[in-house]
Amino acid sequence: MKINIKKLVILFVASVGYTLSVSASNILLNNDNFTVEGKKAEFTSYMGKKSLLLNGASATVNAIVFTSGIIEYDVAFTEQRNFVGVKFRQQDGENSEEFYIRPHQSGNPDANQYNPIFNGLSAWQLYHKDFAGKVNYNFGGWNHIKIIVTNKQGEVYINDMTKPAFSITEFLRPIESGGISFSSARADAYIANVSIVNNDNIQTLSTPLKTTKLSLKNYISKWEISNSFSESFLENTTKLNQQELVKMDWQSLNTDNYGVLNMARIQGVNKTSNTAFAKFTIDSNKVQTKALHFGYSDKVRVYVNNTLVYAGNNSFRSRDYRYLGTIGLFDTIYLPLKSGINEVSFAVSESFGGWGVTARFDDCEGIKPCLVE
């Protein structure tokens, strides 16, 4: 039975730098304070600490509504491939901010990850750069994690409490109050010493984070997104039916501050509907061929004025067993533009790790709109 935690009284006093003098809420590990679900979840003792063992399971902290503050805990795991994380500002099972550890990538630049989840879709393939820290994990004992969440920014400390493993210059979901839960995806992981400071005031970070946006000059920033449909709908389709396109439901969506159009912000996917169009229009002052650099996840078919000009597969492990399928401006297409209005449609299919596209011209000469800073 789910029983609410007794009223928590938190005293917060910010000190110089990252150090915070607080009266934290130490959450006892028991059925009163956590709701557990999944394959394997139990309260036990491990390496001298009262622990929560998770494997293919999650544990939600009861009666916590968290917006900003500090999440602190110890975690132990083996080198086995796994994903051990904490979700916060959690709206439901499909929408939250997330931080997780990859034990099998210890010492590598992707040893961990900040990841926004929209409509049940992870986005690590879209936000792989500058959203992780290179850390060597302790496999013979405990690893101490400290996450400072302050409004739109944050810091993640792992074992070294004097220097953040990485800084989160921008949380990519809206600022919303929500729950906190811990999880381990595919192997045993032990959680201990859970402490939560819940305070809506802006926390003090170790270093003021730069708020300067990435230069988005020449990026396609305004798109239209269709409703989702089956990838098979476009199989062998080299010419789009304009009448069918008009019948679709379309919503406007702008790229974020990283030039990424995260299509999961609009909708999720399922086994029967994993594809949607992302389109934009270009007004060309003449007949010309214009280079467009782009990236996508996971598959794409590109149509210019309803005619297929490109198809590609950037899925996880699609090229070799080490291939991650992360996106960047790694591909170039030469758009055959007519004089006047041209419609460019990316049919993007998602299977795992992120649903999105990014695109940029070398220059805006002879075309509009084109973002000029």
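The model is predicted. The chain has 373 residues. Its secondary structure comes to one helix and 25 strands.

**Overall form**

- The radius of gyration of the chain is 23 Å. A compact globule with 373 residues would have a value near 21 Å, so the chain agrees with that expectation.
- Along the principal axes, the C-alpha atoms fill a box of roughly 70 × 45 × 35 Å.
- Take the contacts between residues at least 6 apart in sequence: 73% of them join residues at least 24 apart.

**Surface and charge**

- Of the 373 residues, 52% count as buried. Buried here means under 20% relative accessible area.
- The accessible surface of the chain comes to about 17300 Å². Carbon and sulfur atoms account for 49% of that surface.
- The chain carries 37 positive and 34 negative charges.

- Strand β6 covers residues 69–77. Is this strand mostly covered or mostly uncovered? It is mostly covered, with eight of its nine residues buried.
- β6 pairs with β10 through seven bridges, and the two strands run antiparallel. In this pairing, E72 stands opposite K146 of β10.
- β6 also pairs with β14, which holds residues 189–198. Eight bridges join these two strands, again antiparallel. Here V75 stands opposite I191 of β14.

**A four-stranded open sheet**

- Four strands form an open sheet in the order β17-β24-β19-β22. The pairing is antiparallel.
- Which strands stand at the edges? They are β17 (261–262) and β22 (331–337). Each has a single partner strand, so one side of each is left without a neighbour in the sheet.
- The partner of β17 is β24, residues 356–361. Two bridges join the pair, which run antiparallel. L261 has V357 of β24 as its bridge partner.

- Where does a cis peptide bond occur? It joins S297 and D298, with omega at about 5°. D298 lies in the loop between β19 (288–297) and β20 (299–304).
- N119 has a positive phi, near 50°, and is not a glycine. Its place is in the loop between β9 (112–117) and β10 (143–150). N119 has a relative accessible area of 26%, so it counts as partly exposed.
- N151 is not a glycine either, yet its phi is positive at about 60°. This residue sits in the loop between β10 and β11 (153–158).

Key:
Residues numbered from 1 in each chain as written. Predicted model: local features only at pLDDT ≥ 70, side-chain atom pairs only at ≥ 80, totals over all residues. Heavy atoms only, no water. Rg over C-alpha atoms; globule rule 2.2 N^0.38 Å. Buried < 20%, exposed > 50% of the residue type's maximum accessible area, 1.4 Å probe, protein only. Contact = heavy atoms within 4.5 Å. Areas by Shrake-Rupley, 256 points an atom, 1.4 Å probe, with all protein chains shown as cover. Lys, Arg positive; Asp, Glu negative; His and termini not counted. Charge placed at Lys NZ, Arg CZ, Asp CG, Glu CD. Pairing = 2+ DSSP bridges.
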